[in-house]
Amino acid sequence: RELAARAAPPAEPERARLEELFSALGRLDAPAVERQLALQLSALGVRLFLETVALPFLREVGSRWQGGTLCTSEEHLASAALRGVIARAQRAGGGQSGGLLLATPAGERHELGILMVSLCAQEHGTRVVYLGCDLPADEIADAATRARVQAVGLGIVALDPASALQELRLLRRKLPKATELWIGGSAAERLSPLPAGSVGIGDLAELETTGRVEGVDQPLAVAHIARRG
């Protein structure tokens, strides 16, 4: 335990990281924002970067935008910078086992969440099929079948609950019974009841934790998806 503690990277205050980012953001210096994000990703690794930099940065951007201390152009620049850094890292990686398809349903155009999940899943050695945002259920189901994935993960942030549930029910009917359906995003907790054979994912830690999907006799975890091959 002592050796592990000494070998661990020194803790840097989360607030200091964020203020450096917001300083560059205030100058509308997109290269500086991306450079700082990329450096933090390289220094911290995927999981720590997502938990201590990317997610807090997004939450703070949203809070400041809603509070009127961050303008829309800055909010867009921040999202684009983070999207660019994560997308490049995601393309550079790539697991070889199992299969997880990631997308957002028709009408949902927020993709940062599924990009983060993609990066996390690849870190566990999982093969990711990344489709991006705003896809109808028919297209997602067809891609999942053709790619022979073990699970489909959907991110839902701004889509209204009625439309989201309609897409989820349609997708669940069209997916093979053995294909797990994972649902995450800030709006996912408002969706009730979820279709049988699907499960809500609260955060990255839950994504990595073994659980079970109702009606599907398979463990739920990106690491397990990778091991299944």
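In which helix is the place of Q122? Q122 sits in helix α6, which covers residues 112-123. This placement, like every feature reported here, comes from a predicted model.

The protein chain as a whole comes first. The protein chain holds 10 helices and 7 strands. Of its 229 residues, 47% are buried.

Helix α6 was then examined along its length. The helix has 12 residues. From the first C-alpha to the last, α6 reaches 17 Å. That is close to the 16 Å expected at 1.5 Å a residue. Helix α6 is mostly covered, with 10 of its 12 residues buried. The buried positions run from L112 to Q122, with I114, L115, M116, V117, S118, L119, C120 and A121 also in the set. After α6 comes G125. The phi of G125 is positive, near 90 degrees.

A polar atom of the Q122 side chain lies 3.0 Å from the backbone oxygen of Q90. Q90 is itself one of the buried residues of helix α5.

Helix α5 spans residues 72-92. At 1.5 Å a residue, its 21 residues should span 30 Å. The end C-alpha atoms of α5 are 30 Å apart, which agrees. Several residues of α5 are buried, among them E74, L77, A78, S79, A81 and L82. Further along α5, G84, V85, I86 and A87 are buried as well. What do the buried residues of α5 pack against? Their partners include the helices α2, α3 and α6. Helix α4 (46-66) and strand β2 (126-135) are also partners.

Two of these partners, α2 and α3, were compared with each other. Two packed helices are described by the angle between their axes and the distance between the axes. Helix α2 covers residues 14-26, and helix α3 covers residues 30-44. Their axes come within 8 Å and cross at roughly 155 degrees. An angle over 145 degrees counts as roughly antiparallel. Helices α2 and α3 are therefore roughly antiparallel to each other. On the α2 side, the contact involves R17, E20, L21, A24 and L25. On the α3 side, these residues meet A32, V33, Q36, L37, Q40 and L44. By class, the contact has 7 nonpolar, 2 polar and 2 charged residues.

R17 deserves a separate look. This residue of helix α2 has a relative accessible area of 6%. The cut-off for buried is under 20%, so R17 is buried. The side chain of R17 makes a polar contact of 3.2 Å with the side chain of T52.

P193 lies in the loop between β4 (180-184) and β5 (198-200). Is P193 buried or exposed? Its relative accessibility is 56%. Exposed means over 50%, so P193 counts as exposed. P193 still has contacts beyond its neighbours within four places in sequence, and these are with L165 and R169. P193 and L165 are 28 residues apart along the chain. Their C-alpha atoms are separated by 8.5 Å.

Notes. Residues are numbered from 1 along each chain as its sequence is written. This is a predicted model: local features need pLDDT of at least 70, side-chain atom pairs count only at pLDDT 80 or more; totals for chains, interfaces and linings use all residues. Side-chain values use heavy atoms; hydrogens and water are left out. Axes are lines fitted to C-alpha atoms, for helices over the stretch in contact, and angles run from 0 to 180 degrees between N-to-C directions. Helices (H or I, at least four residues) and strands (E, at least two) are DSSP runs, numbered from the N terminus. Angles under 35 degrees count as roughly parallel, over 145 as roughly antiparallel, 65 to 115 as roughly perpendicular and the rest as oblique. Contact means heavy atoms within 4.5 Å. Ala, Val, Leu, Ile, Met, Phe, Trp, Tyr, Cys and Pro count as nonpolar, Asp, Glu, Lys and Arg as charged, and the others, Gly among them, as polar. A polar contact is a pair of N or O atoms within 3.5 Å; within protein, one must be able to donate a hydrogen and the other to accept it, and residues adjacent in sequence count only if both atoms are side-chain atoms. Buried means under 20% relative accessible area, exposed over 50%, partly exposed in between (1.4 Å probe, protein chains only). The expected span of a helix is 1.5 Å times one less than its number of residues.
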